[in-house]
Amino acid sequence: MPASSGLSGEIRVPGDKSISHRAVMFGAIAHGTTTVRNFLPGDDCLSTVSCFQKLGVTIETAGTDVKISGNGLEGLREYSGLLDVGNSGTTIRLMMGLLSGTPFVTRLTGDESIAKRPMNRVTAPLKEMGATIDGRENGKFIPITITGGRLKGISYSLPVASAQVKSAILLAGLQAEGETSITETAPTRDHTEKMIRLFGGKIKTSSNTVVIEGGQKLYGTGVNVPGDISSAAFFLAAGSLVPGSEIILKNVGLNWTRTGILEVLEKMGADFSVMRSSGDTYEPSGDIVVKHSRLKGITIGGDLIPRLIDELPIIALLATQAEGETIIRDASELRVKETDRIETVAGELRKLGAEIETTPDGMIITGGTKLGNGTVTSHGDHRIGMMLAVAGLICKSGIELHDTEAIAVSYPDFFIHLDSLKK
C-alpha cells in the first residue's frame, strides 16, 4: 500500500452500522412493513438480518435497500439451531435483551472474537429483570442460552457507559411489566431511544436517565440511514494528514452522541467544515469538508470517551503526527472490543516507528514522529485495518497490510473509495 501525494474528491460513506442494526431489529418486532434505505450491507449487519430470518421474519434485501415484514414480538418463532452472530457484538447483546421476553428458548453463538468478549454486563441486569440465561462461566461467554419468559421492570444504574447494554435493557423493558429506568454514568449513543420513537413507541429521557413503559406495540415505518461517522472518521483523518488533500464527505450522521471525533479534530486544529442538512429528521446529518492541516497534541478523556470510543484507533494515528504529546485516558473499554485495541493499536503503529506508551485505560502518544514502512496486520479487527490503511498513506515507502478481509465487517467498499480519492 503506497504512500499518497494528496487526496481529492467526494465520497459517500456507507450507512451507519449502529442504526442499520437497529432498523432491522425494530422492523422485525414491529407490526407492518418497514423499509430501510441506505442500509449497511456489511458482514455485521447481515448477521442481524440472518438471525431474524431464522426467527421467522420475512426480510428482503437488495443492496442498500431492505424490506421487513413484521408481525410484532409475538410473530417471532423459535429456531431449533444456533443463531450465529458472526463478529457482531451489537447483534448478540441487543438480541439477548429482545429475546429475554419471548416464550421460547434461543441459543446464540459467534466467532472466535465474540467468544472472548464478556456478556455478563448484559446478562446481569437481564437476570435481575427475571430472564433465564446460561452460558460458559454462568453466562459470561458464548454460547448463550436464553429461556424467554415474563420480565419485570427495574431501575438500573450502568456501571460502565455502554450503548449496547442500555439498548439490551430497553428492548427487554419493552416487554416487561411496569417501568424500566436506566441511568448512565455518561451519555452514550441514543439511536435506540430515537428508533423507539420513530416506530411509534414512547420513552422518557431526563439528564442521564431513560425510562420506558412495558407492553408497548411498535409499528412499521420508513428508515433513512445516514452515513456512518465512524467510517467517515478514517477519511477525516486521511484528509487531515496527507498534504494537498481536500475531501468532501456526503450525508454523514451528526447525532451529538457520536460527534466526539469532530470535537477532537477541532481541538487538534484540523481544517474542516460541516454543513448540516435542512429539514426535520430523527437522525441529523450533513456534509463535511476536510483539508490537510497541522495538528497539535491534546488530552482526551472523561465523558467524551463514550462519544468516540470507536474512533480512538484512528485518533491514535492522528496523534503520532500532531505536535506535542497526546494522552488518551478513561478508555479501558477499548480492551474488550474485537481486539484489545489499546495494545493492538500501539503494537502495530510501533512497527512503523510510532512512540506509544500504553496504560491500563489508554495511551500516551509522542507526536511529530515520521512513520516508516513495515508489515502490519488488522488482527481481524475492521477498525484496526482501516486505521493502518490510512497510516500507509503517510509512510514514505508504504506498508504491507495483512488480513484486510476484516474491513468488510463495516465498510465493504473502503479500498474502492480510498483509491477514488488518490490523484
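1. Let me start with a helix pair: helix 1 (residues 17-29) packs against helix 2 (residues 43-54) at an angle of about 10°, and their axes are 9 Å apart. That makes helix 1 roughly parallel to helix 2, a label for angles under 35 degrees, with over 145 counted as roughly antiparallel, 65 to 115 as roughly perpendicular and the rest as oblique. Axes here are lines fitted to C-alpha atoms, for helices over the stretch in contact, and angles run from 0 to 180 degrees between N-to-C directions. Helices (H or I, at least four residues) and strands (E, at least two) are DSSP runs, numbered from the N terminus.

2. A word on the basis: this is a predicted model, in which local features need pLDDT of at least 70 and side-chain atom pairs count only at pLDDT 80 or more, while totals for chains, interfaces and linings use all residues. Residues are numbered from 1 along each chain as its sequence is written, and side-chain values use heavy atoms, with hydrogens and water left out.

3. Back to the helix pair. From helix 1, Lys 17, Ser 20, His 21, Val 24, Met 25 and Ala 28 meet Asp 44, Cys 45, Thr 48, Val 49 and Phe 52 of helix 2 (contact means heavy atoms within 4.5 Å). The residues of this contact divide into six nonpolar, three polar and two charged; Ala, Val, Leu, Ile, Met, Phe, Trp, Tyr, Cys and Pro count as nonpolar, Asp, Glu, Lys and Arg as charged, and the others, Gly among them, as polar.

4. Helix 3 (residues 89-99) is worth a look: 11 of its 11 residues are buried, so helix 3 is largely enclosed by the rest of the structure. Buried means under 20% relative accessible area, exposed over 50%, and partly exposed in between (1.4 Å probe, protein chains only). Among the buried residues of helix 3 are Arg 93, Thr 90 and Thr 91.

5. Now to an open sheet of four strands, ordered 5-6-8-7 with mixed pairing (two strands pair if DSSP finds at least two bridges between them). Strand 5 (82-84) and strand 7 (132-135) stand at the edges with a single partner strand each, so one side of each has no neighbour in the sheet. On average, neighbouring strands of this sheet are turned by 25° against each other, direction ignored. Strand 5 runs parallel to strand 6 (residues 105-109), and three bridges join them; Leu 82 has Arg 107 in strand 6 as its bridge partner.

6. Another open sheet of four strands has the order 9-10-12-11, again with mixed pairing. Its edges are strand 9 (155-157) and strand 11 (203-206), each with a single partner strand, so one side of each is left without a neighbour in the sheet. Strand 11 and strand 12 (residues 209-213) run antiparallel, joined by four bridges, and Ile 203 stands opposite Ile 212. Helix 8 (residues 191-198) lies across strand 11 and strand 12, at about 140° to strand 11.

7. On cores (sets of buried Ala, Val, Leu, Ile, Met, Phe, Trp, Tyr and Cys residues joined through side-chain atoms within 4.5 Å): the largest nonpolar core has 71 residues, and Leu 249, Leu 349 and Phe 414 have the most contacts inside it. Helix 9 (residues 229-241) gives the largest share of this core, nine residues. A second, separate core of 64 residues includes Ile 203, Ile 196, Tyr 156 and Met 129.
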